[in-house]
Amino acid sequence: MNSASPSSSRRRRTGPATATKTFVLDTNVLLHDPACIHRFAEHHICIPVDVLSELDRFKNEMTERGSNAREVHRALMKIFATKGASVTSGVPTDGGGSIRVAVYDPEEARRHASVQSFERIFHDLDKADHRILACTLWLSEQVSPPVILVSKDLNMQLKARAVGIECEDYLHDKVEPREVANFDIARVEVSQHELQRFASSGRLAVPETRTVGMVINDYALLTAGDKATMPAKLSTNGEFVRLVHTPESIKVGQGRAIKPMNLGQACFLDALLDPEISLVTCYGQAGTGKTLLAVAAALQQVFNRTYHGVTVSRPIVAMGQTVGFLPGSLQEKMRPWLQPVYDALDLLMRPVEGTQQGPARKKNRFMPEPQQQIAAPAAPYDPLIQQGVIEVEALCYIRGRSIPDRFFVLDEAQQLTPLEAKTIVTRMSRGSKLVLVGDPAQIDNPYVDSRSNGLVYTRQRMRGQSFAAHVPLVKGERSALAEAAARLL
């Protein structure tokens, strides 16, 4: 939203006071954040009665959306429960504004030319979206301007602009564009003497002017000229410290050894293996090694008995919904969506066999086929899944759980809403570590975008905490083809 929005009004404390505005809330805003009715400060809130009708459709769902609809109903009942309060006239809010329900009267509204013009353009008033737009136009004729429609539906915003309605997105939980625009690790210029001192002691204090924009546990590349560089991490006392948790390679059992291939991966491994960090967020495009490194670090620490087990999941469906009526166990239902995780487990744990020399033996067509078929060998991680050491968890069942002493990896975390991310973070008990990885540029969830998803929201809100670290990954290591495709296609 503009300067009057709850997020930006906090950023502009100086200058003349902005005029009081009237905000009309769309259904998707209330479902996205049930607490949004408390975030408009001194401005007025109008909720069209058609929005309440739409909320009524979702209130019986045993989903996150249904839970949010019920929360909105409870919050509004609490607001309007005051003796003498009028639902349609409105009641004052704590910030100095007001909130009310707007009942759209078509016969009364058609007296205004703007509503008549709207009905000529959008004939179908049976659609709730069209009635909400008509209600917003009608309200703009009744109250002092500006009247602004707040919606997260891009098509709704386009329709609103087509008929001259001012509209905005809900920005309370949206991060600044710069938070997702730059994936590069910071570079800090130091002198040759400072770099040598850092190499020998493992610590270096620099003036705050060189660390502007950095917070605790941020990673940087100390540079002294073009070739003299060393990676470092900003500690809680404001000094740069050496990466002491980055090994030469990670090997799980008899599996393949995994080595950090670039600066970003080295920093990511340091955060994954640091026992003092319990929350790690990571941005990176496809092929940068986010999932593979997270699972590798998790398995190594479980084998070293740092954690009791590994939990891996992805937001394959909206939180709160079941995985459907597919046959089989939970693992069998989720396997198609979690196949990338199984691929990583197989790569890490399958013993590396020697290559067979020479061509394959030609099949003798005169020899009879064996009657008994040999069963396919079990995957090397199957026993760990059966023992509960590796757990495949559906997010729809995570609410109410308490997860102690486990390494929790959540892949594709950019598909979460901020409230879903909060649900997951608040499940972590003592001794657990949570890793959220994803690419903010690849969003399939229609209710979030690159600046309002749970991954970037968690990173922005937890930034600067002593137990949290963030690492961006830029360089793809899957293959030259995958790297070129991520950049060019």
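**Sheets, aromatic pairs and cysteines in a predicted model**

Phenylalanine 118 is buried, and so is phenylalanine 122; buried denotes under 20% relative accessible area, exposed over 50% and partly exposed in between, with a 1.4 Å probe and protein chains only. The model is predicted, so local features need pLDDT of at least 70 and side-chain atom pairs count only at pLDDT 80 or more, whereas totals for chains, interfaces and linings use all residues. Residues are numbered from 1 along each chain as its sequence is written, and side-chain values use heavy atoms, with hydrogens and water left out.

The structure holds 6 aromatic pairs. Rings of Phe, Tyr and Trp (its six-membered ring) are paired if their centres lie within 6.5 Å; planes under 30 degrees apart are stacked, over 60 edge-to-face, and the rest tilted. A pair of aromatic rings is described by the distance of the centres and the angle of the planes. For phenylalanine 118 and phenylalanine 122 the ring centres are 5.1 Å apart and the planes are at 40°, so the pair is tilted. One aromatic cluster is formed by Phe23, Phe40 and Tyr170.

Helices (H or I, at least four residues) and strands (E, at least two) are DSSP runs numbered from the N terminus, and two strands pair if DSSP finds at least two bridges between them. An open sheet of 6 strands shows mixed pairing and the order β3-β4-β2-β1-β5-β6. Its edges are β3 (91-92) and β6 (166-168), each with a single partner strand, so one side of each is left without a neighbour in the sheet. Strands β1 (residues 22-25) and β5 (residues 147-150) are parallel and share 4 bridges; the bridge partner of valine 24 in β5 is leucine 149.

Contact is taken as heavy atoms within 4.5 Å. Axes are lines fitted to C-alpha atoms, for helices over the stretch in contact, and angles between N-to-C directions run from 0 to 180 degrees. Helix α3 (residues 49-58) lies across β1, β2 (44-48) and β4 (98-102), at about 60° to β2. Helix α4 (residues 64-80) lies across β2, β3 and β4, at about 110° to β4.

A further open sheet has 5 strands in the order β7-β9-β10-β11-β8, again with mixed pairing. Here β7 (186-189) and β8 (203-204) stand at the edges, each with a single partner strand, so one side of each lacks a neighbour in the sheet. Strands β10 (residues 228-234) and β11 (residues 240-241) pair in the antiparallel sense over 2 bridges, with leucine 234 opposite phenylalanine 240 in β11. Helix α10 (residues 192-201) packs on this sheet, touching β8, β9 (219-224), β10 and β11, and its direction makes about 60° with that of β10. Helix α11 (residues 263-273) lies across β9 and β10, running at about 135° to β9.

Asparagine 262 lies in the loop between β11 and α11 and is buried, with a relative accessible area of 16%. Its side chain reaches the backbone nitrogen of glycine 264 at 3.1 Å. Leaving aside neighbours within four places in sequence, asparagine 262 is in contact with Lys475 and Glu477. The C-alpha atoms of asparagine 262 and valine 474 are separated by 9.4 Å, the two residues being 212 residues apart along the chain.

With a disulfide defined as a pair of cysteine sulfur atoms within 2.5 Å, the count comes to 0 disulfides. For cysteine 135, the nearest cysteine sulfur is that of cysteine 46, 7.4 Å away. Cysteine 135 is buried at a relative accessible area of 1%, and cysteine 267 is buried at 0% relative accessibility.

Note on methods. A polar contact is a pair of N or O atoms within 3.5 Å; within protein, one must be able to donate a hydrogen and the other to accept it, and residues adjacent in sequence count only if both atoms are side-chain atoms.
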